Amino acid sequence: MGSELRWGIIGTGAIARRFAAELREASSGRLVSVGSRTAARADAFARDFNIERSYEDYQALIEDVEVDVVYIATPHPEHAQWAVRAAEAGKHILCEKPLTLHHADAEAVIEAARSHGVFLMEAFMYRCHPQTLRLTELLRDGAIGELRVIEAVHSFHGSDDPDGRLLSNRLGGGGILDVGCYCMSAARLVAGVATGMPSATEPIEVTGTAHIGDRSGVDEWAVASLLFPGNIVAHLACGIQVDQPPVLRLHGSEGSIDVSAPWLPGLDGARAHGIVVRRAGAPPATVSVETDRGLYAIEADEVAACIHRRASESSTVPWADSLGNMVALDRWRLAVGMIYDAERPAALGTPIHGRPLAVRGQPIPDGAIAGVGRPVSRLVLGTMLAHGDPSWPTAMSVFDEFFERGGNTFDSARRYGRGES
C-alpha cells in the first residue's frame, strides 16, 4: 500500500455521494472503485465522480486488489455483513453510523477487524471535526464549571415515501438509529469528558418515549432521558418526520455552551464555526473554529493517518466507544418498544457474514459422553441468552460463532429464562 489510500465505496445513496464529493479535498487518498446492487447505479455513480471501476456486486468491490479501504454506505442492516466480509478480504473499513443494527453485530464486526488485522472506524464524522475537539477542551478547562444538563436534538422531516429507507422497518429506518445516534454519541462524549474520562462514558439510566408509525413500524420521532455518573442528566430528541432545529447545548454550574452546527459542521463549504460560551455576568463569548477542508475530507484524512501509523482503531471514535453507543441505542429502542423484524428469530437463520453455517478454523477439541453416539465439543455453551426479543440477536450471534468454531453441545437447562430458552 502506497502513501495515498485507494478508496472503494459500497452503496450509492445520498451519503455515499456526499463522501465521494468531499473526498476530493482530502490530502491522503482518492476514490478508485464503487459498488452497487445494480450496474446502472454503479455506472452512473462512477461517471459522476470520475471513478475508474464500478461493480454491480459488493463482493466484487471487496475483492478488488486495487482497493485499500472500503467505505460502507449501505442501509443499516447491511453494515455488519459487508464490514465482516471486508475484514476477511484484508480491507480497512470506514463504516457509516450506526456501526450495526444492534450491539451483538457490532461486537462481531469488531472481532472480525481484530482477527484480520484491519483498521475499523464508525463514521461519526462530527467527532473528527476540530469543533468537537475544541468543545471537549472547553469542558476540560472548566469553561462552565460542573456539567449538569445536556440537550441534544437532531431531527428533520424526511420523505413520506412508505417504501423509502427512512420509513422502512426492513431497511432499519426510524429516527433513533438514523439521527438519534448522534445525540447519544455526543451526550456520552461530553458526559465522559466532564467526569474526567478520556472519552465517552455510559449512562446509568435510559428511559424514553416514541411514536412508532402504524404503517412504517419504525420510530418516527422519539425522545430519551439519561442519567450519567456525576449526576449529569441529558435530554435527547430525534425524528425523521418532524423538523426540529439542531441543538447541542450544555448547562453547567457557571454557565452554558451552545455548539454551532453540532452534527454537520463544514457541510456545504462552510469553513468557520462558532461555539458560544455564556457565563453569568459576562457577555456571550464566541470561540471560533476554522478548517481548510470539508467534514468528510477531515474524516477520510483521520482514517488515513491511523492506517499509516498501523493503528487498528482511532482514538477519535475508538471501538469501545462504538460498542458503548450501540448498547445505549439498544436501551433507548427497548425503552420505546422499537424492535426490527431483522432482530426476530425468523430473520436470524443466517450468520452475520451472510453465508451458510460451516465449521471453520481450528475446531474445539472433542470429548465423549457415555451413551452419546457422536463426539461432543469439550466446551459446552449455555442458552440463557435465548429468550425474549431483545436477546435474540446476541444469542444467535454467539451460537453461530460457537458452532463455526466447532462447538456442537448446548446446555438447555429448563430453568434458563424461566423455561423460555
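Q: What makes Asp321 and Arg127 a salt bridge?
A: In this predicted model, the closest N and O atoms of Asp321 and Arg127 are 2.4 Å apart. A salt bridge requires a side-chain nitrogen of Lys or Arg within 4 Å of a carboxyl oxygen of Asp or Glu, so the pair qualifies.

Q: Which parts of the chain does this pair link?
A: Asp321 belongs to helix 10 and Arg127 to helix 6 (residues 125-128), and the two are 194 residues apart. Both Asp321 and Arg127 are buried.

Q: Why is Asp178 called buried, and why is Arg165 called partly exposed?
A: Asp178 has a relative accessible area of 7%, and buried means under 20%; Asp178 is therefore buried. Arg165 stands at 34%, between the limits of 20% and 50%, so Arg165 counts as partly exposed. The side chains of these two residues meet in a salt bridge, with N to O at 2.9 Å.

Q: How many salt bridges does a search of the whole structure find?
A: The search finds 27 salt bridges. Glu4, Arg30, Glu52, Arg53 and Asp64 are linked in a network of such bridges.

Q: Why is Glu63 called exposed?
A: The relative accessible area of Glu63 is 52%, and exposed means over 50%, so Glu63 is exposed. Glu63 is found in the loop between helix 3 (58-62) and strand 4 (69-72). Together with Asp43, Glu56 and Asp57, Glu63 forms a negative surface patch.

Q: Why does Leu357 count as partly exposed?
A: Leu357 has 39% relative accessibility, a value between 20% and 50%, so it counts as partly exposed. With Val359 and Phe403, Leu357 forms a nonpolar patch on the surface, with about 240 Å² of accessible area together.

Q: Which residues have the most contacts inside the largest nonpolar core?
A: They are Trp7, Ile150, Leu236, Leu250 and Trp332, in a core of 113 residues. Helix 8 (residues 175-194) gives the most to this core, with 13 residues. A second, separate core has 9 residues, including Ile364 and Phe399.

Notes: Residues numbered from 1 in each chain as written. Predicted model: local features only at pLDDT ≥ 70, side-chain atom pairs only at ≥ 80, totals over all residues. Heavy atoms only, no water. Patch = residues over 30% accessible without salt bridge, like charges linked within 9 Å, V, L, I, M, F, W, Y side chains within 5 Å. Areas by Shrake-Rupley, 256 points an atom, 1.4 Å probe, with all protein chains shown as cover. Lys, Arg positive; Asp, Glu negative; His and termini not counted. Charge placed at Lys NZ, Arg CZ, Asp CG, Glu CD. Helix = DSSP H or I, 4+ residues; strand = E, 2+ residues; numbered from the N terminus. Buried < 20%, exposed > 50% of the residue type's maximum accessible area, 1.4 Å probe, protein only. Core = buried A, V, L, I, M, F, W, Y, C linked by side-chain atoms within 4.5 Å.
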